[in-house]
Amino acid sequence: MGLFSGLLGLASDVDVGAVRRDLEPILLPEEEVDLAFSVIRDLFVFTSHRLILVDKQGVTGRKREYVSLPYRSITMFSVENAGTFDTDSELKIWISSQGTPLTKTLSRGTNMTGIQQALAKGVLGRK
C-alpha cells in the first residue's frame, strides 16, 4: 500500500501504471507511484518518497525537465484558485534553503483539490 491509499474520494487524473513505466529509469527500486495528475501537458507525480514534476517542453513534448522534491524539503505550499474572471490558478511550493517558491500555473480544469490533498498528505504525513 502506498502513502495515498487512505485518501478516499481522491482519483488520479492519469493512469498510474503508465506513469510508472514512463518514469521507471528515475524511480528507486522500492519507490511506488501513488498518484499522478495531468496539468495541461505536464505531470504532478506523487510517489512514496517524493513529488516529481514533469515539465514537457517543445512542440512534441519529447524534451522534458524532471524536478524531484523530497517531501521533507517542502516547507509549505499555497494554492490560489481561479476567480470569476480568471482562467487559471497558481500553485506555489516553498522548498527549504530556497528563498523564492517554485510556482506553477494551473488551468481552470485542474484537479486542485486532489493536488492540495496529496501535497498535504505527503508533507504532513512525513513529519
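1. A quick definition before we start: a polar contact is a pair of N or O atoms within 3.5 Å, where, inside a protein, one atom must be able to donate a hydrogen and the other to accept it. Keep that in mind for Asp34, whose side chain reaches the backbone nitrogen of Ser48 at 3.4 Å. Asp34 sits in strand 1. Is Asp34 buried or exposed? Its relative accessibility is 16%, and since buried means under 20%, Asp34 counts as buried. One caution as you read on: this is a predicted model.

2. Now for the sheet that strand 1 belongs to. It is open, with four strands in the order 1-2-3-4 and antiparallel pairing. The edges are taken by strand 1 (33-39) and strand 4 (63-70); each has a single partner strand, so one side of each has no neighbour in the sheet. Going from one strand to the next, the twist averages 15°.

3. Helix 1 (residues 16-23) packs on it and touches strand 1, strand 2 (42-47), strand 3 and strand 4, with its direction at about 95° to that of strand 1. Helix 2 (residues 112-124) lies across strand 1, strand 2 and strand 3, and runs at about 145° to strand 1.

4. What about the inside? The largest nonpolar core has 19 residues, and the ones touching the most other members are Phe44, Phe46, Leu51, Ile74, Ile93 and Leu119. Strand 1, strand 2, strand 3, strand 6 (88-95) and helix 2 each give two or more residues to this core. Helix 2 provides the largest share, with five residues. Another core, of nine residues, lies apart from it and includes Val19, Val45, Ile52 and Val54. As background, nonpolar side chains in soluble globular proteins tend to be buried together.

5. Last, the aromatic rings. How many aromatic pairs does the structure hold? There is one. Its partners are Phe37 and Phe46, with ring centres 6.1 Å apart and planes at 85°. Planes over 60 degrees apart count as edge-to-face, so that is what this pair is. Both Phe37 and Phe46 are buried, and Phe46 has already come up among the residues that touch the most other members of the largest nonpolar core.

Technical notes
Residues numbered from 1 in each chain as written. Predicted model: local features only at pLDDT ≥ 70, side-chain atom pairs only at ≥ 80, totals over all residues. Heavy atoms only, no water. Pairing = 2+ DSSP bridges. Axes fitted to C-alpha atoms, helices over the stretch in contact; angles between N-to-C directions. Contact = heavy atoms within 4.5 Å. Core = buried A, V, L, I, M, F, W, Y, C linked by side-chain atoms within 4.5 Å. Buried < 20%, exposed > 50% of the residue type's maximum accessible area, 1.4 Å probe, protein only. Phe/Tyr/Trp six-rings, centres within 6.5 Å; stacked < 30°, edge-to-face > 60°.
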